Amino acid sequence: MPEEKQWEGTTFGNSLMHRWLISVLRWTDVRFIYLFAYVFVIPFCVLFSPGFRHSYRYFRKHQGATSIGAFLLGYKNHCLFAEAVIDKFAMYAGKTFTINIEGYEHFLELAHQPKAFIQMSSHVGNYEIAGYSLTADSKRFNALVYGGEKASVMTNRNKMFEGTNIRMIPIGNDMTHLFMMEQALQNGEILSMPADRILGSQKSIAVNFLGEKANFPLGPFSVATMHGLDVLSVHVMKTSWTGYTIYVTPLSYPREASRREQISHLASAYVQELERMVHRYPTQWYNYFDFWK
């Protein structure tokens, strides 16, 4: 039996669909678009998308839900994911959201220091919102992003970032992103890295997550410990129809220990924080493949 293709992380739809959605969102209430997704899009995902099966298994096995509970939570999870995607395009259309930041002082403290630091995130909540809210005039913000994302999405991101101190670094096969990352760190800038999705290098580290070992990308933890950098965990979770809360948490690791021990401690610290988020917001976990494979 052929191996199931893993979700690649690109935004659903083509450029024409994206332009249409942005145009509609300029004059309509975002909740009407939510309702359309609930009624016409999500049932299709439940019936035909392999992602729903993985979502169901996540709630059943790793969140301890009953069979019916896992189904209902999986449906809600897909609805919230649709909201996260729609909210992204709503911002492209000029709409705003209420943003609350917990732990903002940790970000400001590092932003005012000359040395670079790293932000780690995962595919929970809506991390892209942080790119429009959690920035510093004193440091350029470099966001490592999937290089295969749709051109229309990348174009709209660039428009949102015009006049800001933000640069996207696409992960590509030519390894250019490695040189751009190193340059950013040498310049004392902020580097944002996804810490739950293995892209580019296939090196990983196994960490106990929600009761079972899962592979996390080695890169973010290796880069941080190699340069002896401070690290923040940043997760952006939806808390109301038009509101998000950004959780900023500093992560510590024993800098006098061996590199292997540093990487292990930092990875465990990040995964513990990720566990805290998914226990608090279980339906905002958006990894639609066998994460524990």
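Let's start with one term. A residue is buried when its relative accessible area is under 20%, exposed when over 50%, and partly exposed in between. Keep that in mind, because D230, with a relative accessible area of 28%, is therefore partly exposed. We will come back to D230 in a moment.

First, the overview. What you see is a predicted model. The chain has 293 residues, and buried residues make up 51% of them. It holds ten helices and nine strands. Now take the contacts between residues at least 6 apart in sequence. Of these, 74% join residues at least 24 apart.

How far does the predictor trust this? The average pLDDT of the chain is 88, and 87% of the residues score at least 70. Confidence is highest in helix α10, at 98. It is lowest in helix α7, residues 151-161, at a mean of 57. Look also at the start of the chain. Over residues 1-7, pLDDT stays under 50. For that stretch the model has nine contacts beyond four places in sequence.

Now the salt bridges. Side chains of opposite charge can pair when their charged atoms come close. How many salt bridges does the structure hold? Seven.

Pair one is K61 with E212. Their side chains meet in a salt bridge at 3.4 Å, N to O. K61 sits in helix α3, residues 50-62, and E212 in strand β7, residues 212-217. The two are 151 residues apart, so this pair links distant parts of the chain. K61 is exposed, at a relative accessible area of 55%. E212 is partly exposed, at 25%.

Pair two is K238 with E83. The closest N and O atoms are 2.9 Å apart. K238 is in strand β8, residues 230-240, and E83 is in helix α4, residues 67-92. The pair therefore ties together parts that are 155 residues apart in sequence. Are K238 and E83 buried or exposed? Both are buried.

R255 forms a salt bridge with D230, with the closest N and O atoms 2.7 Å apart. R255 is in the loop between β9 and α10, while D230 is in strand β8. They are 25 residues apart. R255 is partly exposed, at 39% relative accessibility, and D230 is partly exposed too, at 28%. One more point on salt bridges: those that share partners join E83, D87 and K238 into one network.

After α4 comes G94, whose phi is positive, near 100 degrees.

That brings us to backbone angles. Most residues other than glycine have a negative phi. L210 is not a glycine, yet its phi is positive, about 55 degrees. Where is L210? In the loop between β6, residues 204-209, and β7. Its relative accessible area is 9%, so L210 is buried. What does L210 touch, leaving aside its neighbours within four places in sequence? It is in contact with Y58, H62, Q63, E275, V278, H279 and W292. Another pair to look at is L210 and V271. They are 61 residues apart in sequence and 9.3 Å apart in space, C-alpha to C-alpha.

Last stop, the surface. Which residues form a nonpolar patch there? L35, F36, V39, F40 and V41. Together they have about 480 Å² of accessible area. L35 lies in helix α2, residues 30-48. At 47% relative accessibility, L35 counts as partly exposed. As for helices in general, an α-helix has 3.6 residues a turn, so residues three or four places apart point the same way.

To recap: seven salt bridges, a buried L210 with a positive phi, and a nonpolar patch that includes L35. Thank you.

How values were computed. Residues are numbered from 1 along each chain as its sequence is written. This is a predicted model: local features need pLDDT of at least 70, side-chain atom pairs count only at pLDDT 80 or more; totals for chains, interfaces and linings use all residues. Side-chain values use heavy atoms; hydrogens and water are left out. Patches are made of residues with over 30% relative accessible area and no salt bridge: like charges are joined within 9 Å, nonpolar side chains (Val, Leu, Ile, Met, Phe, Trp, Tyr) within 5 Å. Accessible areas come from the Shrake-Rupley method with a 1.4 Å probe; for residues, only the protein chains shown count as cover. A salt bridge is a side-chain nitrogen of Lys or Arg within 4 Å of a carboxyl oxygen of Asp or Glu. Helices (H or I, at least four residues) and strands (E, at least two) are DSSP runs, numbered from the N terminus. Buried means under 20% relative accessible area, exposed over 50%, partly exposed in between (1.4 Å probe, protein chains only). pLDDT is the predictor's confidence in each residue, from 0 to 100. Contact means heavy atoms within 4.5 Å.
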